[in-house]
Amino acid sequence: MRIVTGLRRRSRSLGLIFDELAGSPLMRLGAVLVATAIIAALVGPLVAPYDPTAIDLDVRLQAPSMAHWLGTDELGRDLLSRLLHGARISLAIGVSIVALSASVGTLIGAYAGLKGGWLDAAIMRATDVVLSLPGLVMAMAFTAALGPSLFNATLALAFVATPGMVRLARGQALTVRSEAYVEASQLYGAPSRHILLRHIIPNAAPALIVQATLSVGAIILAAAALSFLGLGAQPPTAEWGAMVANGRNYLTIHPAYPIAPGLAILVTATGFNLLGDGLNDALNPRREGRAK
Amino acid sequence: MILKLVARRLAMLVFVLFGVVVLTFFISRLIPTDPARLIAGDFASEEVVEQIRVELGFDRSLFEQFWIHVGNLLQGDLGTSITTGQPVLQDLATYAPATVELAVAAMMIAVIGGILLGVLSAVYKDGWIDNLVRVVALTGVSTPSFWLALLFLLLFYGTLGWFPAGGRIDPTLAPLDRISGLYLVDSIVALRPDAFLSALTHLVLPASCLGLITMGVFARLIRASLLEELGRAYIRTFRSIGLAEHRVVFGHALPNALTPFVTQLGLSFAAMLTGAVVTEAIFGWPGMGGYILQATQSLDFPAIIGFTIIVGVIYAVLNLVINIAYLFLDPRLRSGAVK
């Protein structure tokens, strides 16, 4: 019986959240943008009219036309096809970095918050150090040291993104740890693993999901910037940041070349940011004087 | 009480900086190529490479190397750049004023614009101004800075021809004497209106580009904290006794709402120093960003580490200053009532 009421209560609160989400036009726009990016990443490479790395020097730097909707680049590669393939790369990087940093960060942070003591202090000081260095410079230094490549840029950004997640999870763990039901279950002798997985992580989940969604946007931007600087994706990979970097030289004669991939980055990042913002409003009702 | 808190912060600062040194040292040892070989060049003989290795201490144990590194740092020696052959600190000092000028100008744009938009947005909450500001602010946060820079160039240089494409000053002008290295300041001191105007027009595009993105962050922050203040009991009291709305907002709510904003300022300034890497690359701005980009591309590790440590120091010191400023802004912290 208790379980049933618990379920009913949860489903009602979920329903409220969905009502809230449906009522926010900006959030709906975000969901549409993210869905578009995901669809582009999934089916884009299948529907792309050309091979994104096929060089055809006869059609170099062509303006948009029926044959090449966005035109071609300096090696005659079809820009639309490259753009569609790029969706998969950008999204894969954004999501995998966030998944990696969020899962590792949550485990470390929640454990530190639960255990407290010297371990907690040591972990927090370590995050202080990483957070006191600007992310992009750290990522640049790391990628340069490991050798410029998309994989190394991913590793570097994951390293830079983790401490923020650790802090967030730890803060949540500290709040939940002092709740009566957690103390009760500790008194009953529940192992740390149980408290971590059953109480702390589920309670921390809303805040972490909001942070993770917002992070995807930021990470996609950072990864694109690294590629733009030549430290991320290497030729001939069709990555958006690298495409802007190449297209930059043809800005005045072929504006669509650098502008289209940049717009794709903007749209994808905006989508994730709107979605994260909306989720934040819905999951965190105290924000913005909502409870008037 | 305050002294104790400041002392604690200082101890933290020293600790964090030590951590930064350890971390950057570790990163520099990840490097797969042999630094001695890199310095000697491809055609140097094995003996020359070995000699450089001994000179730079690469033949010693990692632990010894680390302590030598720390000792050098404490004497202000950040090592010698592999590409320029100059001490890294001297290189950075050469390039720093350009970056500082750019970042300060960008910061002014971001602060003024951010406060203005944030206040408008909060005062007209849920109106069309609010929605517009929110969308613009959010788009700003989601805009790749390197792409925005290209759009600016295409529009303001390519199409309209209002501003120059790059550089800090018209190279045909008589050179300015270097006093502070900040061209706007130096041209005023030297009473050179032509140089001032040229420096200013060169600054507009890169500074707006760097500033606009942060402006979005600030607008969102101000909006959120102003709304929070406006929902408080003292505001209700002021309104109920008939205080004019503009005095409620600007006289009472806004000053309180700005306190959390102060924390963000320091972090944002440090972030701008890094964001400048990308902006400088596009506008050919001769600052630290271009220098460090060059360094990463040629694996000039002393330069990369030096820059990272310097940025870490700026970051840590700004944080310290802000934390102390906070003690004065928020009396609750001073009395130790809130930790």
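1. A:Ala141 counts as buried, because 26 C-beta neighbours lie inside 10 Å of this residue, where 20 or more are required for that label. The model in which this holds is a predicted one, and that should be kept in mind for each of the points below. A:Ala141 has its place in helix α5 (residues 135-146) of chain A. Leaving aside neighbours within four places in sequence, A:Ala141 is in contact with B:Ile27, B:Ile304 and B:Thr308. From A:Val267, by contrast, A:Ala141 is separated by 126 residues in sequence and by 28 Å in space, taken from C-alpha to C-alpha.

2. On the contact between the chains, 45 residues of chain B are in contact with 41 residues of chain A. On the side of chain B that touches chain A, the elements giving two or more residues are α1, α6 (128-142), α7 (145-159), α9 (193-230), α11 (245-283), α12 (288-297) and α13 (301-329) of chain B. The element that gives the most to this side is α1(B), with eight residues. By residue class, the side of chain B that touches chain A divides into 31 nonpolar, 12 polar and two charged residues.

3. Within α4(A), the residues A:Ile123, A:Thr127, A:Val129 and A:Val130 are buried. They lie on the same side of α4(A), because the arc they cover around the axis is only 155 degrees. On the face turned away from this buried side, α4(A) carries the exposed residues A:Gly117, A:Trp118 and A:Ala121. The partners against which the buried residues of α4(A) pack are α3 (79-115) and α6 (150-177) of chain A, together with α1 (2-30) of chain B.

4. The largest nonpolar core has 170 residues, and those with the most contacts inside it are A:Ala139, A:Leu157, A:Ile219, A:Ala222, A:Ala225 and B:Leu102. Helix α8 (residues 192-228) of chain A gives the most to this core, with 18 residues. As for A:Ile219, not counting residues up to four places away in sequence, this residue touches A:Gly94, A:Ile97, A:Val98, A:Leu157 and A:Ala161.

5. Taken as a whole, chain B has 14 helices and zero strands. Its C-alpha atoms fill a box of roughly 85 × 55 × 40 Å, taken along the principal axes, and buried residues make up 38% of its 339 residues. Of the contacts in chain B with a separation of 6 or more, 70% are accounted for by residues 24 or more positions apart.

6. A last point concerns confidence in chain A, which averages a pLDDT of 83, with 89% of the residues scoring at least 70. Among the elements of chain A, α3(A) has the highest mean pLDDT (91), whereas helix α1 (residues 2-23) of chain A has the lowest (52). Over residues 1-12 of chain A the pLDDT stays under 50, and for this stretch the model has zero contacts beyond four places in sequence. The pLDDT is also below 50 over residues 287-292 of chain A, although that stretch has 12 contacts in the model beyond near neighbours in sequence. Where pLDDT is low, the predicted coordinates should not be read in detail.

Definitions and conventions:
Residues are numbered from 1 along each chain as its sequence is written. Chains are lettered from A and ligands numbered from 1 in the order in which they are written. This is a predicted model: local features need pLDDT of at least 70, side-chain atom pairs count only at pLDDT 80 or more; totals for chains, interfaces and linings use all residues. A residue is buried if 20 or more other C-beta atoms lie within 10 Å of its own, exposed if 12 or fewer, and partly exposed in between; C-beta atoms are placed from the backbone. Helices (H or I, at least four residues) and strands (E, at least two) are DSSP runs, numbered from the N terminus. The arc is that of the directions from the helix axis to the C-beta atoms. Two residues are in contact if their C-beta atoms, placed from the backbone, lie within 7 Å. Ala, Val, Leu, Ile, Met, Phe, Trp, Tyr, Cys and Pro count as nonpolar, Asp, Glu, Lys and Arg as charged, and the others, Gly among them, as polar. A nonpolar core is a set of buried Ala, Val, Leu, Ile, Met, Phe, Trp, Tyr and Cys residues joined through C-beta atoms within 7 Å. pLDDT is the predictor's confidence in each residue, from 0 to 100.
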